Amino acid sequence: MSVVDTVARAHIGSECEQLICHPRLPLVAGLDAERPAVHIWDCGAGQLRQLGSVGAESSVYGDAIGWDRMERTPAVAWHPHQPLLVVAGEDGVVQWTPAGLREPDGIPPTADYRSLVFSPDGRALWASPSSGDEGDAWDSSDIIDLASGTVGSGPRWDTGVAEHPAGGMVATLAGDQAETLGLFARVDHTAAGPAAMRVLRRALILDADGYRTPIFSPDGRHLAIRGNAYENSLDVFEFPSLHLILATTLGDPNPGHPAPQEWLDRMQAWSRHNIAFAARPGVLWVGTPAGTLVEIDLDTHDAAEHDVLPGLPVTALAATATGELLVAGGGGDLLLLSVRDDSARTRTTDGDTPQAALAAFLDATSEVPDDGDLETHLVLTDGSRTWEADDLGKVTTATATDPTWLRLRAAVNEVFDRST
């Protein structure tokens, strides 16, 4: 197991509910827990130095919870190479750089984006839901060509985008109340226009909705997903097999139908952005309400606790581009931690590279046609079972131990069978 050392500590005044690190530069954006504001820090050279804020004067969230709170929470995206952050908030979309704030070009006046991400080459901004005024905006997304300012249409996605460490493929989520699809997409780079997602047939299916952006491990061997709207769940899948190797509920399991305040207190005790992969392969870090970091070895299932914030909850956790950990805590503290591996155990890595993992995944699937319906093309897995595109239309029985989405599918199919 590892030894965690504090490199820098800063009292930032307000608690952060999410930390988003730049993929290559020593920069981090923190979402304020009290108001729809974003604060930016430099976390390089073993220091924490605040560089600026967006929305610092906005009104507090107050009693807003659920969808009312989500509608006011900013969406942010780092440029993959430049010190540039785009923030979509209740007052529109702004762009932060060390030189200051400005309105980015090409943002449609009808845009109400809840998720943003730059394409891996930095030439386009992918945004959801669509800014189009026809049909359901959540059925598609926008592709904003930053050079020309033109807006094209992209596939449906609604919950962040994570690039695989090998490049060339991303993972995202598309949720519905009963189920969420974990989608994988090849990144199509063409000279004719901005990069776009080409959705692949292999996909995950998760119970319910309300998940957070997927996280790939630096070696590309694991994919972690935190959620959902009704449980403090944590699922970790092997990649490229998509086998489920860890499924747990953080804290007490859902007792069924607790009183609203009891449910709210239990859900808020655990941060919804409390997992990270640091530099060591095969290890997932989890922040707890007790101020500890739990180090989980995904190969051996061993776990160790590290006390980093005695008496204060971990409100957000993230890994920097260099593999250090950033921890936000109750009371407004921000910690930069280094992780030393004191374990004598080593893992064989011959041929076990991000590129090899990605190649194996792509070789085992194909693209969904641009005009294809996901229902009729996806091959779905929950990590233990797999359903071909037309299998779920034939399911008419399910047990009490099956996920809610499968029981609902079986019930609907049975009704249709009886009526025909």
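This is a predicted model: local features need pLDDT of at least 70, side-chain atom pairs count only at pLDDT 80 or more; totals for chains, interfaces and linings use all residues.
Residues are numbered from 1 along each chain as its sequence is written, and side-chain values use heavy atoms, with hydrogens and water left out.

**Strand pairing**

- Strand E1 (residues 2–11) runs antiparallel to strand E28 (residues 333–341), the two being paired over 9 bridges; strands here are DSSP runs of at least two residues and helices (H or I) runs of at least four, numbered from the N terminus, and two strands pair if DSSP finds at least two bridges between them.
- E28 also pairs in the antiparallel sense with strand E27 (residues 325–329), over 5 bridges, and within this pairing Leu326 has Leu336 as its bridge partner.
- E27 and E28 form a hairpin with 3 residues between them, and Gly331 in the turn has a positive phi of about 95 degrees.

**Aromatic pairs and a charge over a ring**

- Rings of Phe, Tyr and Trp (its six-membered ring) pair if their centres lie within 6.5 Å, with planes under 30 degrees apart called stacked, over 60 edge-to-face and the rest tilted; by this rule there are 6 aromatic pairs.
- Trp78 and Trp96 form an edge-to-face pair, because their ring centres are 6.3 Å apart and their planes stand at 85 degrees; the pair links distant parts of the chain, with Trp78 in strand E6 (residues 75–78) and Trp96 in strand E8 (residues 92–97), 18 residues apart.
- Both Trp78 and Trp96 are buried, where buried means under 20% relative accessible area, exposed over 50% and partly exposed in between (1.4 Å probe, protein chains only).
- Phe239 and Phe361 make a stacked pair, 4.8 Å centre to centre with 25 degrees between the planes; Phe239 is in the loop between E20 and strand E21 (244–249) and Phe361 is in helix H3 (residues 354–363), 122 residues apart.
- Phe239 counts as buried at 4% relative accessibility, as does Phe361 at 0%, and ring pairs link Phe184, Phe216, Phe239 and Phe361 into a cluster.
- Arg69 lies over the face of Tyr61, at 3.7 Å from the ring centre; a charge sits over a ring if NZ of Lys or CZ of Arg is within 6 Å of the ring centre and within 35 degrees of the ring normal.

- Asp235, in strand E20 (residues 233–238), is buried yet has no salt bridge, the nearest side chain of opposite charge being that of Arg226, 9.0 Å away; a salt bridge is a side-chain nitrogen of Lys or Arg within 4 Å of a carboxyl oxygen of Asp or Glu, and in assigning charge Lys and Arg count as positive and Asp and Glu as negative, with His and the chain ends not counted.
- Apart from neighbours within four places in sequence, Asp235 is in contact (heavy atoms within 4.5 Å) with Leu223, Ala224, Ile225, Leu244, Leu246 and Ala247.

**Backbone geometry**

- Most residues other than glycine have a negative phi, and most peptide bonds are trans.
- The bond from Ser128 to Pro129 is cis, with omega near 0 degrees, and Pro129 lies in the loop between strand E11 (124–128) and strand E12 (141–145).
- Gly227 and Asn228 are likewise joined by a cis peptide bond, with omega about -20 degrees.
- Ala45 has a positive phi near 55 degrees and counts as exposed at 81% relative accessibility.
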